[in-house]
Amino acid sequence: MWPSAYSYGSRTSSRKGGVALSMRARASAALMAVCGRATGVAWAAGAMASTPTDLATWASALYGGEVVSDEALAEMLTFRKRDEYGLGTRTRDFAGRTAVGHLGGIRGFELAMWHFPDDGATIVALTNRGMFSTDKTVKLLARTLFSQLDQAPVASPAPGASVAPSPSAAPAS
């Protein structure tokens with residue numbers, strides 16, 4: 001049976017019985033378990049548990065038009081200017097790229113799930129550290145990912161071509 005209170009006291013283990021516990025830093029810098037399972041109070045907010053891989057698969061399918069009709073997806077992706085919010089989804093800019101997705105969190109668990117439709121990429125960040133900005137992590141990951149993708153490809157030599165420098169390119173002696 002999982003405790004229903006917000007605190008386990010001084011317990012610092014982040015795992016119990018194979019289930020990740022929510023952790024929150026205390027003034028002493030030691031971690032303290034905040035709750036075991038947050039689904040009891042979260043049923044109206046989704047009450048889901050998942051992995052980053054499954055969430056990335058879900059986001060790619062949802063925003064790729066495989067889950068809802070084209071009309072429903074278009075309605076989801078019609079964003080209000082004041083807060084960039086559509087139907088159950090938001091839009092943000094990361095590293096100069098437009099992403100759609102959402103944040104989530106409860107009792108020390110935090111999530112960011114952002115899909116980049118123009119690039120066919122999805123970044124998911126999950127944490128059980130509480131009060132942790134997963135969007136900052138997504139910004140860093142997006143900057144790294146897209147800086148690699150934006151680099152000009154290095155030309156490969158044709159099959160059978162010599163990779164040795166030509167005599168005219170040799171340094172003068």
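The following legends describe close-up views of a predicted model.

Local features require pLDDT of at least 70 and side-chain atom pairs count only at pLDDT 80 or more, whereas totals for chains, interfaces and linings use all residues. Residues are numbered from 1 along each chain as its sequence is written, and side-chain values use heavy atoms, with hydrogens and water left out.

View 1. Helix α4 comprises 17 residues, 134-150; helices (H or I, at least four residues) and strands (E, at least two) are DSSP runs numbered from the N terminus. The helix reaches 24 Å from its first C-alpha to its last, close to the 24 Å expected at 1.5 Å a residue, where the expected span is 1.5 Å times one less than the number of residues. T134, D135, V138, A142 and F146 of α4 are buried. These residues lie on the same side of α4, because they cover an arc of only 80 degrees around the axis, the arc being that of the directions from the helix axis to the C-beta atoms. The face turned away from the buried side carries the exposed residues K136, L140, R143 and Q148. The cover over the buried residues of α4 includes β5, β6, β7 (109-116) and β8 (121-127).

View 2. Leaving aside neighbours within four places in sequence, T134 is in contact with L103, E110, L111, A112, A125 and T127, contact meaning heavy atoms within 4.5 Å.

**View 3. An aromatic cluster formed by F94, W114, F116 and F146.** Rings of Phe, Tyr and Trp (its six-membered ring) pair if their centres lie within 6.5 Å; planes under 30 degrees apart count as stacked, over 60 as edge-to-face and the rest as tilted. The count by this rule is three aromatic pairs. One of them, F94 with W114, is tilted, at 5.6 Å centre to centre and 55 degrees between the planes. This pair links distant parts of the chain, with F94 in strand β5 and W114 in strand β7, 20 residues apart. F94 is buried at 2% relative accessibility, and W114 is buried at 0%. The ring centres of F116 and F146 are 5.0 Å apart and their planes stand at 70 degrees, so this pair is edge-to-face. Because F116 lies in strand β7 and F146 in helix α4, the pair ties together parts that are 30 residues apart in sequence. F116 is buried, with a relative accessible area of 0%, and F146 is likewise buried, at 1%.

**View 4. Salt bridges of the model.** A salt bridge is a side-chain nitrogen of Lys or Arg within 4 Å of a carboxyl oxygen of Asp or Glu, and the count by this rule is three. D135 meets R92 with the closest N and O atoms 2.2 Å apart. Since D135 belongs to helix α4 and R92 to strand β5, the pair ties together parts that are 43 residues apart in sequence. D135 is buried at 12% relative accessibility, whereas R92 is partly exposed at 26%. In the salt bridge between R97 and D119, the closest N and O atoms are 3.2 Å apart. R97 lies in strand β6 and D119 in the loop between β7 and β8, so the pair joins parts 22 residues apart in sequence. R97 is buried at 16% relative accessibility, while D119 is partly exposed at 30%. The side chains of R80 and D83 also form a salt bridge (2.5 Å, N to O). R80 is partly exposed at 37% relative accessibility, and D83 is partly exposed at 24%.

**View 5. Positive phi at E84 and A95.** E84 has a positive phi of about 55 degrees although it is not a glycine. E84 lies in the loop between α3 (70-76) and β5 (90-94) and is partly exposed, at 39% relative accessibility. A95, also not a glycine, has a positive phi of about 55 degrees. Its place is in the loop between β5 and β6 (97-106), and A95 is partly exposed at 44% relative accessibility.

Conventions:
Buried < 20%, exposed > 50% of the residue type's maximum accessible area, 1.4 Å probe, protein only.
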